[in-house]
Amino acid sequence: MPPTSHQRNDSDLSITPLRRPKSEFHPAGGQQTTLRYSLSDFPILFNDDQSSTSVDWKAWCTTIGGCLTAMATFGYTNAFGVYQDIYTRSGAASASRISWIGSTQMFFMLAMALPAGKLLDMGYFRQATLFGSVLYVFSLFMVSIAHTDRYYQIFLAQGLGMGIGAGFLYVPALAVQSHHWKERKAFAMGMVTIGSSIGSIFFPIMLNQLFQKPSVGFGWGVRASAFVVLGLLVLANLLMSDKRDLKSEKPKAIPDIRGIMTDVPYLLCILACFFINLGVFFPYFYLQLFSILQNINPNIAFYFLAILSAASLPGRLIPNILADRFGPFNAIIPIIGISGALIFAMFGTSTVGGVVAFAIFYGFFSGAFISLCPACLASLSKSPDEVGIRFGIGYFLAGFGVLVGAPIDGELVGDTFTWHKPIVFSAVTVLAGFLFLLVVRWMLAKRKGTQLV
């Protein structure tokens with residue numbers, strides 16, 4: 001009779017002795033040694049292959065769902081340069097004021113990690129992502145009916161609404177990977193951030209093509225992208241899940257907020273990310289304008305941001321594989337140093353070949369920073385129960401760098417387009433974050449007693 005669901009097959013049992021058996025040794029040749037075992041020598045270990053396969057399947061589904069979430073949120077946010085052009089030419093406000101819409105959207109996408117991370121730790125991951133999906137898609141449809149010459153309508157729908165909705169999606173989709181993956185945590189988070197690179201390539205091209213067609217225009221162009229985002233988030237919500245079996249094994253631990261806020265390496269890591277965020281996004285906002293003012297053909301300069309985003313694809317995966325082997329801080333520190341040096345290299349990029357080379361290298365290394373940052377924060381967590389709150393606090397505080405970085409760059413560029421000021425400012429802030437990360441790595445190596453941190 002085949003085993004039912006309540007019975008266990010003999011193939012599920014493995015018998016392994018824990019200690020050497022009692023034996024009788026007879027020195028006389030030709031005599032047989034008698035081995036005597038007791039039942040205590042044979043513990044029965046159940047190997048539930050079906051359950052193990054189920055856990056792996058859920059982990060991969062959650063990673064794929066997180067990739068779709070990053071594509072719909074972070075990837076779409078990186079397409080704001082297209083909206084910047086539309087809003088500026090429609091006379092909604094000055095270019096500096098319009099840049100606050102994009103920076104506010106990105107800030108709330110990171111800052112809302114504070115309540116979203118807490119909900120993740122409390123076990124409300126699915127509820128948080130569902131709420132974020134509804135708010136994000138609704139706000140995007142509101143953008144499609146907003147008047148492009150009315151600043152307050154755009155700011156409320158795109159800056160606040162989409163930013164808050166994305167905040168309940170992006171960071172939880174990253175943090176939940178640590179619930180499923182133990183040994184390949186950085187690799188899984190890198191796979192998730194690849195979605196933002198794909199979205200950064202796809203959505204700008206899609207929006208530009210639709211906005212330029214008279215039969216489509218701004219309204220239906222935004223709606224078409226909103227339907228794509230809706231489909232991505234529906235699939236993501238169906239695929240992603242929290243690892244519920246952790247809760248059934250033991251009571252949920254309450255995160256030690258005081259211990260987290262007095263963890264010096266953690267606080268220095270947040271400070272480092274704040275300084276890096278001040279400058280690392282400067283090429284993403286201004287590379288196209290910088291290239292056009294260097295007398296490069298605008299039809300060619302249009303593709304530089306796509307090249308930058310495409311180059312970040314391997315940058316969001318390869319360094320994460322190395323991070324799982326050598327430690328996330330060992331991987332991120334040289335990457336930040338190279339990124340800061342590359343911003344200085346913008347002084348020498350005045351030809352098409354120079355800008356293309358810069359876009360490829362900077363896209364790779366800056367993309368690696370974005371994907372390794374969550375792995376670094378997760379490595380500072382003492383248990384999976386506090387991953388969400390550490391992500392929330394970290395992204396909330398470091399997000400202020402994103403909020404003020406682009407407007408500061410805009411003020412430094414000015415009406416005369418003085419490029420040396422924002423280049424120096426961005427490079428110095430990134431290198432300041434590099435120095436703080438060196439201190440964090442030294443403290444962690446001392447704490448853990450290993451150089452693989």
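Figure 1. Gly-279 lies in helix H14, which spans residues 264–280; helices are DSSP runs (H or I, at least four residues), numbered from the N terminus. The model shown is predicted: local features need pLDDT of at least 70, side-chain atom pairs count only at pLDDT 80 or more, and totals for chains, interfaces and linings use all residues. Residues are numbered from 1 along each chain as its sequence is written, and side-chain values use heavy atoms, with hydrogens and water left out. Gly-279 has a relative accessible area of 0% and is therefore buried (under 20% relative accessible area, with a 1.4 Å probe and protein chains only).

**Figure 2. Surroundings of Gly-279.** Beyond residues up to four places away in sequence, Gly-279 touches Ile-343, Tyr-362, Ser-426, Thr-429 and Val-430, where contact means heavy atoms within 4.5 Å. Gly-279 and Val-428 are 149 residues apart in sequence, and their C-alpha atoms are 8.0 Å apart in space.

**Figure 3. The largest pocket.** Rolling a probe the size of a water molecule over the atoms shows where empty space is left. On a 1 Å grid over the protein atoms alone, using a 1.4 Å probe, a pocket is an open set of points with protein on both sides within 12 Å along at least five of seven lines; lining residues have an atom within 4 Å of a point. The largest pocket holds about 1400 Å³ of space, a volume being the space filled by probe spheres set on the points, which are joined across faces, edges and corners. Its lining has 44 residues, and Gly-81, Gln-84, Asp-85, Phe-285 and Gln-288 lie nearest the centre.

**Figure 4. Lining of the largest pocket.** Helices that each supply at least two lining residues include H3 (80–90), H10 (185–211) and H21 (387–413). H3 provides the largest share, eight residues. The lining comprises 23 nonpolar, 17 polar and four charged residues; Ala, Val, Leu, Ile, Met, Phe, Trp, Tyr, Cys and Pro count as nonpolar, Asp, Glu, Lys and Arg as charged, and the others, Gly among them, as polar.

**Figure 5. The second largest pocket.** This pocket has a volume of about 160 Å³. Among its lining residues are Lys-182, Glu-183, Asp-324 and Ser-379. H20 (352–379) gives the most to this lining, with three residues. The second largest pocket lies between domain 1 (57–243) and domain 2 (255–452), because both give residues to its lining; the domain bounds come from an automatic or database domain assignment.

Definitions and conventions:
Buried < 20%, exposed > 50% of the residue type's maximum accessible area, 1.4 Å probe, protein only.
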